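Notebook open, structure on screen. I'm jotting down what I looked up, in the order I went.

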Amino acid sequence: MADLKLTLVVACALVDADKRVLIAQRPEGKTLAGLWEFPGGKCEPGERPEQSLIRELHEELGISVAEPCLAPLTFASYGYETFHLLMPLYICRRWEGVITPREGQTLAWVRANKLRDYPMPPADIPLIPHLIDLLM
């Protein structure tokens, strides 16, 4: 078996005052288009995961998040065909600004126990029980 490149992607469960989680639908033209995911993205070389997540949340959603507001919850480790994904999931309940889809994505606020109703990439699915345990 060939060695797969390890790709570090960070994700965030933004949680509102009603304990709903924000998910985003990947737009047409992107890999895994139509699937729902937690906001986030790839870490750039030299970036810490928290820095990457703060950057991605600003780029994707137009919000500012302070690093102390990011709490690590769990992670996913998943072998896709051409790479292996390692994805820490952070929880964030405080941010500044109005959440706005800036990359053509559709957004939805969803109760943790309803996340399975949305088709997600295989790496995201194991994160759902941790959110249910935390928020329900």
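Predicted model: local features only at pLDDT ≥ 70, side-chain atom pairs only at ≥ 80, totals over all residues.

**Cysteines**

I started at cysteine 69, which is partly exposed with a relative accessible area of 23%. Residues are numbered from 1 along each chain as its sequence is written, and side-chain values use heavy atoms, with hydrogens and water left out.

The rule I used takes a disulfide as a pair of cysteine sulfur atoms within 2.5 Å. By that rule I counted zero disulfides. Cysteine 43 is in none either: its nearest cysteine sulfur belongs to cysteine 12, 13 Å away. I noted cysteine 43 as buried, at 17% relative accessibility.

Next I went to strand S6 (83–92). My helices (H or I, at least four residues) and strands (E, at least two) are DSSP runs, numbered from the N terminus. I call two strands paired if DSSP finds at least two bridges between them.

S6 runs parallel to S1, with eight bridges joining the two. I looked up one of those: lysine 5 has phenylalanine 83 in S6 as its bridge partner. On S5 (residues 70–79) I got nine bridges to S6, and this pair runs antiparallel. There, leucine 70 stands opposite cysteine 92 in S6. S5 and S6 are joined by a hairpin through three residues.

Is S6 mostly covered or mostly open? Covered: seven of its 10 residues are buried.

**Cores**

The largest has 24 residues, and Ile23, Phe38, Met87, Leu89, Leu115, Met120 and Leu131 touch the most other members. Strand S1 (5–14), S2, S6, S7 and H2 each give two or more residues to this core. S6 supplies the largest share, four residues. Another core of 14 residues lies apart from it, with Cys12, Leu14, Ile63 and Tyr90 among them.

I checked leucine 89 for contacts (heavy atoms within 4.5 Å). Leaving aside neighbours within four places in sequence, its list includes Ala11, Phe38, Ala71, Phe75, Leu127 and Leu131.

**Aromatic pairs**

Rings of Phe, Tyr and Trp (its six-membered ring) pair if their centres lie within 6.5 Å; I call planes under 30 degrees apart stacked, over 60 edge-to-face and the rest tilted. How many pairs came out? Four. Tyrosine 78 and tyrosine 80 are edge-to-face, 4.7 Å centre to centre with 65° between the planes. Tyrosine 80 and phenylalanine 83 are stacked, at 5.1 Å and 25°. Tyr78, Tyr80 and Phe83 make up one aromatic cluster. I logged tyrosine 78 as partly exposed at 29% relative accessibility, and phenylalanine 83 as partly exposed at 27%.

**The open sheet**

I traced three strands in an open sheet, order S3-S2-S7, with antiparallel pairing. Strand S3 (36–37) and strand S7 (106–111) are the edges, each with a single partner strand, so one side of each has no neighbour in the sheet. Two bridges join S2 (residues 20–25) to S3, and glutamine 25 stands opposite tryptophan 36 in S3.

Arginine 26 sits in the loop between S2 and S3. Is arginine 26 buried or exposed? Buried, at a relative accessible area of 19%. Beyond four places in sequence, I found arginine 26 in contact with Thr31, Leu32, Ala33, Gly34, Leu35 and Glu37.

**After H2**

Last stop: methionine 136, in the segment after helix H2 (128–135). I have methionine 136 as exposed, with a relative accessible area of 53%. Not counting residues up to four places away in sequence, methionine 136 touches Ala112, Asn113 and Leu131. Methionine 136 and arginine 20 are 116 residues apart in sequence, yet 9.9 Å apart in space, C-alpha to C-alpha.

Definitions and conventions:
Buried < 20%, exposed > 50% of the residue type's maximum accessible area, 1.4 Å probe, protein only. Core = buried A, V, L, I, M, F, W, Y, C linked by side-chain atoms within 4.5 Å.
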